[in-house]
Amino acid sequence: MEPYELELLPLDTPDDDPRWAAYLDLFAMVFLEGRASDDGLAAFRRHRRADGATLGMVTTEGPGLEGRQVVAGLAWAPIRVNAGGNVVPVMAINTVAVRPTHRRRGLMRLMMDHHLRRARAEGFALAALSASEATIYGRFGFGVATRHVDWEIDTRRFAIRPDVAVAPGSLELVNPPLDENIFEHLSTTHQLAHRGAFSPLGMHLAKADGTWDFDEQGPSRKLRYLLHFDASGVPDGFAEFKHGGFESKQSESPAPTAILSVCSPSPEIDRALWQGLASFDLVEKLTYGSAVPDDPLPGSLVDPWAIKQNVIRDSIWVRILDLERAVADRGFDSDGQVVIKVADSMGFCEGTWCITVREGRGEAARTSLSPAVELGVDSLARLWFGDVTAAQLARSGIIHGSPDSVQALSRLFATAFGPVNLNDF
């Protein structure tokens, strides 16, 4: 890999070290964004230190570069995810980039191989990321595990059916910062209630307390909260939103109000929050980017077409690093046993495995038995949080086995509800 070197940017690097700006500018350059301001750079350092992040990079020298420069980077941090059985640590990769002038030289593979193996050695059974391109991460064993749907809600047509329960209590508008204890408590109760829910990173916490907004590149002036309180006055859910204002100074039509998250442990509380959001004066349309394909809200309305469901898009991709530990941590809704052969070019999960589930708890063990189903580790990741079934993937041609065997795998990994996650990274 000469003249390239794999390095780390230590979190205790002094603030005035130029490597901070060079590291952050790599991602701005690759994703066609403007260079960070001093405040933006300070926020980046603050968030990454709070996360306990690992800032991996590849550096090189050469024509056009002033000394040794960063040309590729991979940043990750330890967070937690509801795997169904337990809330477990996960390696959250939240930025990966290679300068266009240094692509196709193996730098992405160098970084991925090094950091995934490091995470496995540190005890992580799962890695996760948000992908900017669909063709890159499958070859590293990642598969789409959660998805989001973009909604447009016509508030003039929004009405919950009279036979549908809405959580009792009251609503109140709150400016940021949302009390840290309330945010942490409600985020935790949401995560415990939803398979596939990831805990927040430092950037999510900064957004929640209003100290940093990526769109405004500073403290948020538009963010608001709608808090729901139960009948005894205890907060049990919140929604984050930004009022749209008006399209222009001359326009009499209000712009859509952007709903950033609706966070609670139950559909009843969610409905109370949505009912409040749809009742604001001067608001004709709400937009929401964190709905999930099986979200129950449209079915709760008198007019389900009040919600226009637009693009379904990938949210989080997952990579299994340790199949034995991952199966032990995953919750299962059905008992059974199936023998699978997993193809994994990186070797983490390669081989034939017998997966046995008793009373909702799973065990994976290597076996010499003949496999009933064959699949890639990226396809296995797609089953992990119950977003799709093995039978669906078999119809796509990426899971192979007899119809009965594929159905057995589908039943074993099927979940009553799909994953719900509010924190992309």
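Reader: Where does Glu-284 lie among the secondary-structure elements?

Author: Helices (H or I, at least four residues) and strands (E, at least two) are DSSP runs, numbered from the N terminus. Glu-284 is placed in the loop between α6 (267-277) and β12 (285-291). The model is predicted: local features need pLDDT of at least 70, side-chain atom pairs count only at pLDDT 80 or more, and totals for chains, interfaces and linings use all residues. Residues are numbered from 1 along each chain as its sequence is written, and side-chain values use heavy atoms, with hydrogens and water left out.

Reader: Which residues does Glu-284 contact, leaving aside its neighbours within four places in sequence?

Author: Contact means heavy atoms within 4.5 Å. On that basis, Glu-284 touches Ile-153, Asp-154, Thr-155, Arg-156 and Pro-254. Among these, Asp-154 stands opposite Lys-285 in β12.

Reader: How many bridges join β7 to β12?

Author: Two strands pair if DSSP finds at least two bridges between them. Strand β7 (residues 147-154) runs antiparallel to β12, and 5 bridges join them.

Reader: What is the strand order of the open sheet, and which strands stand at its edges?

Author: The 7 strands follow the order β8-β9-β10-β11-β12-β7-β13, with mixed pairing. At the edges, β8 (170-174) and β13 (307-314) each have a single partner strand, so one side of each lacks a neighbour in the sheet.
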